[in-house]
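Trainee: Could we go through this structure together? I'd like to learn how the labels get decided.

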Amino acid sequence: MKIRDIVNRDLVSLENCESEPIHIPGSIQPHGFLVAIHGKERTIDYCSGNIHEYIGIRPEQALGKSISVLLTPSDNDSLVDYLERRPTYADAPLRLKIANVQLECVSHQAQERTILEFERESQAPLDNQALYVQTRQFINNIETSSSLRALCQSVADEVKQITGYDRVMIYRFDEQYNGEIFAESLSENIEPFLGLHYPHSGIPVQARELYIKNLLRLIPDVYYKPVPVFTIDSGQAKALDMSFTALRSVSPIHLQYLQNMGVGATLTISLVHEQKLWGLIACHHYSPKYLSNAIKVSAKLQGHFLTSQIKVREANEEYSISKNVDASLQTLISDNIPIDHETLQTLINRQELLTICHASGVAISINNKIYRAGNTLNDDELTKLIRWIVYHTPYPSFITDRLYVEYPGGERLTDCAAGVIYHSLGASNNSIVWFRHETLKEVHWGGDPQKAILKDERGLHPRKSFALWKEIVKGRSNPWLKPETNAAANFAHFLQRQVHLMFITEEEARYRELSYKLQEANAELENINWISAHDLKEPLRKIQVFASRILEKEKDLPGNVVKSVNRMSASAQRMQTLILDILRYSRVTKIKDAVVPVDLNQVLKQCLDEIKEEIEEQNATVQVEPLPVINGIAFMLNQLFLNLLRNALKFRKADVPPIIKITYTTTLENPFGPGKKFHLISVSDNGIGFGNDFKEDIFDVFTRLHTRETYHGSGIGLAVCRKIMQNHGGKIVAEGKEGQGATFRMYFPL
């Protein structure tokens, strides 16, 4: 049988460490050995090359065999039972004896295989009494520590006592995964790292993912020689996922980094909070140091204790801030002062408006008028910033403590606007903006973060210098805390409601003023109507009187003159009647109050009488079907038919006598949608017509399809027709063909 190792020999350097496949190194650390089994027979597919150092069996003797051949029958039964009730965590090892060697075994699943890791049995097994004491001590630490930092310090001290390591650090990450030594416990005569920062590049993305999957990692000797993992050579490339494997060999880049620091052994415990890597318990020893399983479990338990308290402690620390912030917020909101432009100026000067988010300045922009207090941008800069936020942010809020990173030219504004909280107040660019000025911050790094990678004749390597390096951070404000951003959002929502109420109040005042002016205008118009009607009726009455006198005194007038005088008198009478109708209509407050039953046959007869001479002059023919009685306003309907008849006469074809047809039917065809019957009255002619592209345009005011020289008129006749139909709850539509005539359909509700 031929075997081969699965060591990943891809070249790894600092230039590609971000993509280094650290979960499949193909090798392990030598303080234990590994086998991977599969199937019901639990056949060994993989085993580490150091298996013979522990149980005297070489890899080629184990591969392809069932693991049961290595075990006594009772130990085999114990292993089967252990695998069937596989513990959730690998903290509960199974004790086995192989080749007279007492071992501790932990397992986990890797795809279709089960990985078994063996280490020599601990001389000091897990002590329940010690765990109880440890738990009680942690509860005491919870009760006595006043802050999260103090609790972390207690955990660091406890882990140092448990493990005996030279240095124990609580390492906390920020949003970009740069790390800070948040708490530290160390032996005498060791340089402290407390407060130092380390760049995110020190822990690549894939390493952080493994920290979340596997909460504990031990490196007893950073100078260890990796042990290859072997498998049967099948001619195919093979890899074994060791993400959950405690013995997994670590990146050579990381080992070189530790060696450069002078570290001999490490223990790392992940602090996972809300499914994110919050930080690490990082333990360093300056010589090789192995920890038993019992000690590792005890140290890991401290990590569980700490993560259980992170949210509680962070919330507790926020509480004192929230208490002051909420007090200021409630003071602002509870006053419930109606907002107007005067009270806005009073509001902006209230100290609580800055206190709710500990801002150094605040500005409110309402309808391009800006109210400000404290240290803020000038009007031009503020207007530009608000426009940029509105254009570039799809959300009604924008929060940053480093405006210069996102806003072009923001580096010029850091003296008052290094950080901003923006909230929209609804329409337009109405908004409220809080400002914070730049806060210079001195950050202590464990070595220059810009020189984390060194280059020499051998290529790129981790830095060797970890001397204190100070950086002055510029352009940033103090970060906005959650209680502050919450308070700002709550006040912005309150202010938005108040501003909307102010707008509504102002609109109501404007409407009241307009209504008053409209009443005055209507009253004046009514007076004008009455005066106009009175002044018009007098000359019309005189026309009728003079016409009567002429007919009485002049007995020998020719017949055509008598006929003309009679028509003149009749026209004056119709004009008087029309003036009275208009006057009565102008005094009706609602159109529906002026509606009465109207016989359209009588209306049409009056119209034809009025244009009788025009019809005769053009040798026109008017064909009329009997029309219905509808509810309407007589003088308006008269105007409607006159306009349509005169249009038909006006837009005739040259040398072709006009033929006008007026037809009537009831119809279910509904121009407004289904559900009602209508009177349908059509007026059609044989005139010049028009293209249907213009069938909507012809109803617009002053729209003309022909020049004034060709056809006289103002262009408002059909617009008046549409308005009359709307006043009657109906609709008029047009249809035409160029050179073939036009049809106007009027729909009156039944």
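**Cysteines and helices**

Mentor: To begin, the structure holds zero disulfides, a disulfide being a pair of cysteine sulfur atoms within 2.5 Å. This is a predicted model, where local features need pLDDT of at least 70, side-chain atom pairs count only at pLDDT 80 or more, and totals for chains, interfaces and linings use all residues. Residues are numbered from 1 along each chain as its sequence is written, and side-chain values use heavy atoms, leaving out hydrogens and water.

Trainee: Why does Cys105 count as buried?

Mentor: Buried means under 20% relative accessible area (exposed is over 50%, partly exposed in between, with a 1.4 Å probe and protein chains only). Cys105 has 0% relative accessibility, so Cys105 counts as buried.

Trainee: And what makes Cys607 buried?

Mentor: Its relative accessible area is 0%, so Cys607 is buried too.

Trainee: Why are helix 16 and helix 18 called oblique to each other?

Mentor: Helix 16 (residues 600-610) and helix 18 (residues 634-650) pack at an angle of about 50°. Angles under 35 degrees count as roughly parallel, over 145 as roughly antiparallel, 65 to 115 as roughly perpendicular and the rest as oblique. Helix 16 and helix 18 are therefore oblique. Their axes are 9 Å apart.

Trainee: Which residues of helix 6 are buried?

Mentor: In helix 6 (residues 205-213), they are Gln206, Ala207, Arg208, Leu210 and Tyr211. These buried residues pack against strand 11 (216-219), strand 13 (265-273) and strand 14 (276-285).

Terms used: Axes fitted to C-alpha atoms, helices over the stretch in contact; angles between N-to-C directions. Helix = DSSP H or I, 4+ residues; strand = E, 2+ residues; numbered from the N terminus. Contact = heavy atoms within 4.5 Å.
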